[in-house]
Amino acid sequence: MRTLRHLGGFLIGLVVTAAVLAGGGWAVQQVVGNAAASPPDSQKMWIALGAMAAIGLVVGLVVAGRVSPLATFVPSMVLLAWTVVYALDVNRALSFIPSEPSVNQIIRDAGFGAKTLLTTGVFALLGVALFIPVLMPSRWSRRDDELDEDYEATPEGSYY
C-alpha cells in the first residue's frame with residue numbers, strides 16, 4: 001500500500017512540475033507581454049493572474065497536504081537542477097527552452113516565461129520551498145502507521 005501512495009505522489013509531482021514550468025511560464029510571459037503593451041489588455045491580464053493563482057493553489061496544497069513527499073520532491077529537484085545548470089552553464093540551461101518557429105506559440109510563450117522565472121531566481125526559490133516538506137520525517141509515514149495496530153491495553157493499576 002505504501003508503494004501506491006508514493007507512486008501517486010510521484011504522479012502528482014509530475015503534474016505539479018508541468019504546472020509550474022508550463023503554466024507558470026505561460027502566465028508570466030502573458031503578464032510581462034501585457035505590461036509592455038501600449039493599451040494593456042485587461043482580459044489577458046486577468047486570465048494570466050488567474051492561472052498564476054491556480055498554480056499557486058496547487059503548489060500550496062501539495063506543500064501543506066499530507067500526500068507522499070515525492071509530490072514535492074520531483075518538482076523541487078527539477079527546478080533546483082535547472083537552476084544549478086543555469087549557474088554552471090547559462091547557454092546550456094537556456095538551450096532547454098523551446099524557441100524554434102516550428103514549435104507552437106503557446107509552448108514558446110511558456111518557454112520564454114520559464115526563462116524569466118529561471119533567470120530571476122524564482123525557480124531556485126520555489127525549488128527550495130518545495131524541498132522543505134521532504135525533510136520532515138512525518139511526511140514519509142502514513143497516518144495509519146502512527147496508530148499502532150498491535151496496541152494492547154494495560155491492566156488497571158499497571159505502571160506501564
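In this predicted model, helices H3 and H5 meet through Trp82, Thr83 and Tyr86 on the H3 side and Ala114, Leu118 and Thr119 on the H5 side. By class, this contact has 4 nonpolar and 2 polar residues, with no charged residues. The axes of the two helices come within 10 Å and cross at roughly 75 degrees. Because angles of 65 to 115 degrees count as roughly perpendicular, H3 and H5 are described as roughly perpendicular to each other.

**Overall fold**

- The protein has 7 helices and 0 strands.
- Read from the N terminus, the order of elements is α-α-α-α-α-α-α.
- Among contacts between residues at least 6 apart in sequence, 75% join residues at least 24 apart.

**Burial and surface**

- The protein has 160 residues, of which 29% count as buried.
- Its accessible surface comes to about 10,100 Å².
- Carbon and sulfur atoms account for 67% of that accessible surface.

**The largest nonpolar core**

- The largest nonpolar core has 16 residues.
- Val16, Val20, Val59, Leu79, Trp82, Leu118 and Phe123 are the members that touch the most other members.
- At least two residues of this core come from each of helix H1 (2-36), helix H2 (42-64), helix H3 (70-88), helix H5 (105-119) and helix H6 (122-131).
- Trp82 and Leu118, listed among the members with the most core partners, also take part in the meeting of H3 with H5.

**Val59 and its partners**

- Val59 is likewise one of the core residues that touch the most other members.
- Leaving aside neighbours within four places in sequence, the contacts of Val59 are Val16, Val20, Leu126 and Leu130.
- Two of these partners, Val16 and Val20, are themselves listed among the core members with the most contacts to other members.

**Ser76 in helix H3**

- Ser76 lies in helix H3, the helix that also contributes Trp82, Thr83 and Tyr86 to the contact with H5.
- Ser76 counts as buried because its relative accessibility is 0%, where the cut-off for buried is under 20%.
- Residues up to four places away in sequence aside, Ser76 touches Gly127, Leu130 and Phe131.
- Ser76 and Ile132 are 56 residues apart in sequence, and their C-alpha atoms are 9.2 Å apart in space.

Terms used:
Residues are numbered from 1 along each chain as its sequence is written. This is a predicted model: local features need pLDDT of at least 70, side-chain atom pairs count only at pLDDT 80 or more; totals for chains, interfaces and linings use all residues. Side-chain values use heavy atoms; hydrogens and water are left out. A nonpolar core is a set of buried Ala, Val, Leu, Ile, Met, Phe, Trp, Tyr and Cys residues joined through side-chain atoms within 4.5 Å. Buried means under 20% relative accessible area, exposed over 50%, partly exposed in between (1.4 Å probe, protein chains only). Helices (H or I, at least four residues) and strands (E, at least two) are DSSP runs, numbered from the N terminus. Contact means heavy atoms within 4.5 Å. Axes are lines fitted to C-alpha atoms, for helices over the stretch in contact, and angles run from 0 to 180 degrees between N-to-C directions. Angles under 35 degrees count as roughly parallel, over 145 as roughly antiparallel, 65 to 115 as roughly perpendicular and the rest as oblique. Ala, Val, Leu, Ile, Met, Phe, Trp, Tyr, Cys and Pro count as nonpolar, Asp, Glu, Lys and Arg as charged, and the others, Gly among them, as polar. Accessible areas come from the Shrake-Rupley method with a 1.4 Å probe; for residues, only the protein chains shown count as cover.
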